[in-house]
Amino acid sequence: MRPILVIIDIVTINYLSLMFFNLLNKDLISYFSKYLNNKQLVFSIYVTVFWFISSALINFYKIYRYTSTINIISLIVKQFIFYTIIVLSFIGLFRSVDVSAIVTLKYLLTCFLIIGTIKLISYYVLKQFR
């Protein structure tokens, strides 16, 4: 079940980045490779790698049927804080990324509304079947 949740989360953050940021046809000016010059590709690689790192640091996917709902909500909030820092640091690191603060906030809130809902639903489903 965990690998499925990881894949759903990664697909969610990358799909929503396409919808909100629209970085597909915008190039970075600091890379020589044409593949690494694509902002969307660099953003997707960046957030995917750091999503794995942050989720491993806080044990985001270590949920069992005896885990309390408060603990799950706490994990969601921690991951939201880590992911917000990750996204904002990307925007700060690559100054040529033109994304407004409102669009970034909408992206982050939508991501965590979807991811948090899926996480809570999967927890209750796991609890029911075991």
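Author: What follows covers the core, a helix pair and a loop residue. This is a predicted model, in which local features need pLDDT of at least 70 and side-chain atom pairs count only at pLDDT 80 or more, while totals for chains, interfaces and linings use all residues. Residues are numbered from 1 along each chain as its sequence is written, and side-chain values use heavy atoms, leaving out hydrogens and water.

Reader: Which residues have the most contacts inside the largest nonpolar core?

Author: Ile-13, Trp-51, Tyr-83 and Tyr-107 do, in a core of 31 residues (buried Ala, Val, Leu, Ile, Met, Phe, Trp, Tyr and Cys joined through side-chain atoms within 4.5 Å; buried means under 20% relative accessible area, exposed over 50%, partly exposed in between, with a 1.4 Å probe and protein chains only). Helix 1 (2-21), helix 2 (39-58), helix 3 (69-93) and helix 4 (101-129) each supply at least two of its residues (helices are DSSP runs of H or I, at least four residues, numbered from the N terminus).

Reader: And which helix gives the largest share?

Author: Helix 3, with eight residues.

Reader: What does Ile-13 touch, neighbours within four places aside?

Author: Ile-13 is in contact (heavy atoms within 4.5 Å) with Val-47, Trp-51, Tyr-83, Tyr-107, Cys-111 and Ile-115.

Reader: Changing topic, where is Asn-59?

Author: Asn-59 lies in the loop between helix 2 and helix 3, and is partly exposed, with a relative accessible area of 40%. Its phi is near 55°, a positive value in a residue other than glycine, whereas most residues other than glycine have a negative phi.
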